[in-house]
Amino acid sequence: MIIGAGAIGGTVGAVLTRTGTAALLVARGRHGEALASEGMTLRTPDGAIRVAVSAASHPNDVRLGDRDVLVFATKTQQLDAALQEWADRPVHGPHGVVATAGELLPAMTALNGVAAEEKALRYFRRVFGVCVWLPAVHLEPGEVIVRSWPVVGQLHIGRWPASTRTPADAHLLAGLAETWGAAGIRVRTPDDVAPWKYNKLLSNLGNAVGALSAEPSEAAEVVAAVRSEGEKVLRCAGIEFVPFETSTAARADGPTIRPVPGWHDGPSNSTWQSLSRNTGDVETDFLNGEIVRIAHRHGIAAPLNAALARAARAAVRNGLGPNPYSAKQLAALVGLETNVGS
């Protein structure tokens with residue numbers, strides 16, 4: 001069950017369906033209607049592929065079984081509502097209802113940041129954190145631009161927290177690695193996924209820069225500064241994260257971004273997509289804002305990340321759309337004294 005069939009969830013659900021793994025994509029609005037009537041179109045570097053997917057718009061339309069896996073792929077700011085909708089749904093076995101989803105089914109959190117897993121634990125007993133590297137873009141109903149093919153992404157998945165891992169979890173993850181790998185999704189199963197999630201958090205601190213600046217290549221100093229501040233905060237808090245050298249090496253077998261016919265090679269991260277679609281919210285408060293939260297919890301400050309989160313909220317509030325600032329303007333907005341744009 002792919003709950004949230006946007007860039008990540010839509011890609012995962014479509015490639016699994018395409019290779020024969022049963023998947024149901026849950027989406028609403030025009031996107032959900034398009035999936036139900038026309039299927040999912042994957043625009044890939046090797047051309048467009050249409051997949052006839054199974055789709056639903058609401059939990060009431062779904063009958064859960066005791067072998068189902070729930071993959072949450074919403075944005076973090078949308079997750080609470082999704083968890084509440086699914087946690088108490090009845091799960092059916094061969095002889096009737098056996099439990100609720102929260103009691104029995106694995107809940108996988110394929111979201112950026114590190115807040116989703118703790119949110120999910122309020123509702124689900126078996127939570128699996130997912131560190132996502134999957135370069136895809138969702139802007140139009142019924143369509144996802146998949147920037148790597150045939151290997152579409154790499155996921156590090158592990159029980160959250162690692163101390164609750166069981167032999168049954170290892171069996172489940174081994175099965176996912178095999179079936180999802182055949183679909184072009186590389187699955188890695190580290191003993192503890194948390195350091196990988198914190199590595200990705202640091203990487204995603206630059207999302208707001210790519211979304212707000214019309215000159216992301218010239219704003220590299222801003223990205224470097226907010227990431228450096230993030231690393232210092234995590235070290236101060238004693239939080240372990242995988243070094244970037246390790247994560248870069250781990251991606252050697254894919255995904256590998258290639259040009260997609262008809263698609264530009266500019267910014268396309270999840271924050272940029274939210275501003276482009278004018279969704280009315282962005283996940284920055286769970287990325288840069290997470291660094292700010294950790295800093296405040298330990299009696300220190302993270303002024304660059306705090307300022308960038310404020311700038312993203314203002315862009316949403318004022319309907320500015322993507323890339324409203326030059327690199328120099330954005331540097332000044334976050335209070336960074338640099339040579340950006342000079």
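**Close-up views of a predicted model**

**View 1. Burial of helix 11.** Six of the eight residues of helix 11 (residues 270-277) are buried, so this helix is largely enclosed by the rest of the structure; buried means under 20% relative accessible area with a 1.4 Å probe and protein chains only. The buried residues are S270, T271, W272, Q273, S274 and L275. Their cover includes helix 1 (7-18), strand 12 (136-137), helix 8 (207-212) and helix 13, contact being heavy atoms within 4.5 Å. Helices (H or I, at least four residues) and strands (E, at least two) are DSSP runs, numbered from the N terminus.

The model is predicted: local features need pLDDT of at least 70 and side-chain atom pairs pLDDT 80 or more, whereas totals for chains, interfaces and linings use all residues. Residues are numbered from 1 along each chain as its sequence is written, and side-chain values use heavy atoms, without hydrogens and water.

**View 2. The ends of helix 11.** Just after helix 11, N278 adopts a positive phi of about 55°.

**View 3. Packing of helix 9 with helix 13.** Helix 9 (residues 220-237) packs against helix 13 (residues 303-317) at about 125°, their axes lying 8 Å apart. A225, V226, E229 and G230 of helix 9 meet P303, L304, N305 and L308 of helix 13. These contact residues comprise five nonpolar, two polar and one charged, with Gly counted as polar.

Notes. Axes fitted to C-alpha atoms, helices over the stretch in contact; angles between N-to-C directions. Buried < 20%, exposed > 50% of the residue type's maximum accessible area, 1.4 Å probe, protein only.
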